[in-house]
Amino acid sequence: MKRTTRLGIMGGTFDPIHLGHLVAAEEALVQFNLDSVCFMPTGRPARKDDRAVTSPEHRYLMTVIATAANPDFDVSRLEIDRPGLTYTVDTLRVLRETHGPATELFFITGADAVWEIVTWKEAESFRDLATFIAATRPGYDLQTAREEHAEELARIRIEFIEVPALAISSTDIRQRVVERRPIRYLVTESVAAYIRKYELYQEAR
Ligand code: NAP
């Protein structure tokens, strides 16, 4: 009998995608015995509508070239092609319907404020849709966050992974480009070349 497929969905703005994201996805793949990880760049991030975000097409293409060499990774256009603001609940519903009950969904994302996931649109549905995997940065006080927000976190299925490589951040990379400082070894060579070619992140936001 075929076992259930375990599909990871790596949700993020990826502005730009960096090595921390790739390490986090690989770590989730191995730790949670996932069959594959599908990167899901957000279209119009629900909570960032009022500030500049690089065009979805650039963020999508950078994600494609950064992940192309890994046979366990692929990239979806689902969110960038969907009109309106991007809500995770809509994505999870589509994936649930497309893949059916034989596929278990794991939504991997960053964890600056993990308990905030329960404030996302229709978060009460999350328990039936997916397990969340929250990737934390070095220095993030996971123990305190878990204790102080135990009640909120109990409303969703959530697991945590610590990813030292998440010391790298998209905000820092954008700032480095503005200041003409190096981004080599923080992003793949292909993404660095793409940023140069299209002159992304030249000015401070
Ligand atoms: P964000 O607030 O920009 O990022 C939160 C933190 O997590 C940042 O430090 C970010 O670092 C990091 N991060 C983001 N995605 C990550 C990933 N996949 N793996 C590891 N670290 C990650 O978050 P965002 O990118 O806008 O949103 C993350 C995901 O949550 C997206 O899929 C988004 O659609 C979803 N979301 C949904 C709702 C909703 O449905 N209402 C609301 C908010 C977010 P970097 O900047 O270095 O990536």
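Modeller: A strand here is a DSSP run of E, at least two residues long, and strands are numbered from the N terminus. The model we are looking at is predicted.

Biologist: Then which strand holds T136?
Modeller: Look at the stretch that covers residues 131–136. T136 is found in that stretch. It is strand 5.

Biologist: Is T136 buried or exposed?
Modeller: Residues under 20% relative accessible area count as buried. T136 has a relative accessibility of 1%. So T136 is buried.

Biologist: Which residues does T136 touch, beyond those up to four places away in sequence?
Modeller: The partners come from several parts of the numbering. T136 touches A111, L142, F160, I161, E162, V163 and L166.

Biologist: I133 is in strand 5 too. What is its relative accessibility?
Modeller: I133 counts as buried. The cut-off is under 20%. The value for I133 is 0%.

Biologist: Which residues is I133 in contact with, leaving aside neighbours within four places?
Modeller: Neighbours within four places in sequence are set aside. What remains is A28, F32, F106, F107, I108, T109, E159 and I161.

Biologist: How far is I133 from R157, C-alpha to C-alpha?
Modeller: Along the chain, I133 and R157 are 24 residues apart.

Biologist: Now V37. Where does it lie, and is it buried or exposed?
Modeller: V37 lies in strand 2. Its relative accessible area is 0%. Under 20% means buried, so V37 is buried.

Biologist: What does V37 contact, beyond four places in sequence?
Modeller: Its close neighbours in sequence are left aside. The contacts of V37 are then G8, M10, A25, L29, D72, F73, D74 and I108.

Biologist: And what separates V37 from P71?
Modeller: V37 and P71 are 34 residues apart along the chain. Their C-alpha atoms are separated by 9.6 Å.

Biologist: R47 and H21 are 26 residues apart in sequence. How far apart are they in space?
Modeller: R47 lies in the loop between strand 2 and helix 2. From its C-alpha to the C-alpha of H21, the distance is 20 Å.

Biologist: Which residues is R47 in contact with, again beyond four places?
Modeller: Take R47 in its loop between strand 2 and helix 2. With its neighbours within four places left aside, R47 is in contact with E116, T119 and W120.

Biologist: Let us turn to the backbone. Where is P16, and which form does the peptide bond from D15 to P16 take?
Modeller: P16 sits in the loop between strand 1 (5–12) and helix 1 (19–31). Most peptide bonds are trans. The bond from D15 to P16 has omega near 0°. It is cis.

Biologist: What is phi of E122?
Modeller: Most residues other than glycine have a negative phi. E122 has a positive one. It sits in the loop between strand 4 (103–110) and helix 5 (126–129). Phi of E122 is near 50°.

Biologist: How do E122 and E199 count by accessibility?
Modeller: E199 lies in the segment after helix 9, and its phi is also a positive value, near 50°. Over 50% counts as exposed, under 20% as buried, and in between as partly exposed. E122 has 30%, and E199 has 57%. So E122 is partly exposed, and E199 is exposed.

Biologist: How are helix 2 (residues 56–67) and helix 9 (residues 189–197) arranged?
Modeller: Their axes are 8 Å apart, at an angle of about 150°. Angles over 145 degrees count as roughly antiparallel. So helix 2 is roughly antiparallel to helix 9.

Biologist: Which residues make that contact?
Modeller: Helix 2 passes helix 9 in a right-handed crossing. Helix 9 gives S190, V191, Y194 and I195. Helix 2 gives H58, L61, M62, I65 and A66.

Biologist: How many residues of that contact are nonpolar?
Modeller: None is charged, and two are polar. The nonpolar ones number seven.

Biologist: Last, the whole chain. How many helices and strands does it have, and what is its radius of gyration?
Modeller: The chain comes to nine helices and six strands. For 205 residues the globule rule gives 17 Å, so a chain close to that value is as compact as a globular protein of that length. The radius of gyration here is 17 Å.

Biologist: What share of the residues is buried?
Modeller: The chain has 205 residues. The buried ones make up 48%.

Conventions:
Residues numbered from 1 in each chain as written. Predicted model: local features only at pLDDT ≥ 70, side-chain atom pairs only at ≥ 80, totals over all residues. Heavy atoms only, no water. Axes fitted to C-alpha atoms, helices over the stretch in contact; angles between N-to-C directions. Helix = DSSP H or I, 4+ residues; strand = E, 2+ residues; numbered from the N terminus. Parallel < 35°, antiparallel > 145°, perpendicular 65-115°, else oblique. Left-handed = near helix turned anticlockwise from the far one by under 90°. Contact = heavy atoms within 4.5 Å. Nonpolar A, V, L, I, M, F, W, Y, C, P; charged D, E, K, R; others polar. Rg over C-alpha atoms; globule rule 2.2 N^0.38 Å. Buried < 20%, exposed > 50% of the residue type's maximum accessible area, 1.4 Å probe, protein only.
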